[in-house]
Amino acid sequence: MDLESARTPANMATIMAARGQGLEQDFDFFVVVDFEATCVKDARIFPQEIIEFPAVLVDGATGRIESAFRRYVRPKHHPVLTQFCRELTGIRQEDVDGGVDLGEALWLHDAWLKAATAGAGNKRSVRLAVVTWGDWDCRTMLEFECRFKGIEKPSYFDQWINLRVPFQAALGGGGRVNLQEAVRAAGLDWEGRLHCGLDDARNTARLLAELMRRGVKITITGSLAAPPPMQKQFALVPAPIQQKQQPPQPYMISPCGGSSATCLCYCGLASRGDVMHGKCFSGCASWSRPWDPCPPTSRGATE
């Protein structure tokens, strides 16, 4: 068998199984995302906006990273990043000044994803699952900003795998183990800069591959439900859907269980000016329980 043949997903899966490593997964690909957003120190900026949109594509059979994507996103409501935000994320003002709006970032991501998975055999559809560390990225941040700005997003973001769940099932640890601690607990070295979205996504992808190698079944842990009635109490009204930003048809996600209410927890809090006050306690997990107080000022600081 030549080297190229040995590296095909089918052969790699066979080799991993023969070594007692890995388990057949329900998905052809995993796309790992880790958004970075505008933030201020010791307060809640409102509305919070995504400023880095990274993604890493992982082969569902081999755990190998196949491709990576990143776009910086230009914030509309708070275009000038705070010093705290720049120092935490490493994102420069010129990065966001030259970025795209969120609708275009979603379209570019979708185009990248289709191109990166185009060679996945002769299947009519690709079984794809979004992977995050925590529920914040999909349940809170992306969902709220798209609703607030009237941007339609691909439906594959409506279900996701919070990798914290299978990690704790496989390796324990309890509590709110952050990503860097989880990577090291799995016997891996941290690579890159903490709170750089792309580096965080790559490390999450490496942790995903390690769990797969250990025989952990990776399944959907969270999904979006219809907005609860309390959302009607909000003073904010989402803008109309921008028809020109209709995304291409998303890939199929294999039906899985798991659901939880949409949680836009910081949206209903009283604000003064453009900043929401009321710092949350350390380790707040409010985005897992609807209508709790706001999550921490910087999700990355506790995740």
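**Fold composition, backbone exceptions and salt bridges**

The chain contains 10 helices and nine strands, where helices (H or I, at least four residues) and strands (E, at least two) are DSSP runs numbered from the N terminus. The model is predicted, so local features need pLDDT of at least 70 and side-chain atom pairs count only at pLDDT 80 or more, whereas totals for chains, interfaces and linings use all residues. Residues are numbered from 1 along each chain as its sequence is written, and side-chain values use heavy atoms, with hydrogens and water left out.

Of the 303 residues of the chain, 52% count as buried (buried, under 20% relative accessible area; exposed, over 50%; partly exposed, in between; 1.4 Å probe, protein chains only). Among contacts with a separation of 6 or more, 75% are between residues 24 or more positions apart, a contact being heavy atoms within 4.5 Å.

Most residues other than glycine have a negative phi, and most peptide bonds are trans. The peptide bond from phenylalanine 46 to proline 47 is cis, with omega near -5 degrees; proline 47 lies in the loop between β3 (44-45) and β4 (50-59). Aspartate 42, in the loop between β2 (36-37) and β3, has a positive phi near 60 degrees and is partly exposed at 46% relative accessible area. Histidine 195, in the loop between α8 (179-185) and α9 (197-213), has a positive phi of about 75 degrees but is buried, at 11%.

The structure holds 17 salt bridges, defined as a side-chain nitrogen of Lys or Arg within 4 Å of a carboxyl oxygen of Asp or Glu. One of them joins arginine 92 and aspartate 95, at 2.8 Å from N to O; arginine 92 is partly exposed at 46% relative accessibility, while aspartate 95 is buried at 11%.

Glutamate 143 and arginine 147 form a salt bridge with their closest N and O atoms 2.5 Å apart. These two residues are separated by about one helical turn because they lie four residues apart in helix α6 (residues 136-149). Glutamate 143 is buried at 5% relative accessibility, and arginine 147 is partly exposed at 28%. Both belong to a network of salt bridges that also links Lys153 and Asp158.

In helix α9, glutamate 210 and arginine 213 are three residues apart and therefore separated by about one helical turn. The closest N and O atoms of their salt bridge are 2.8 Å apart. Glutamate 210 is buried at 10% relative accessible area, whereas arginine 213 is partly exposed at 33%.
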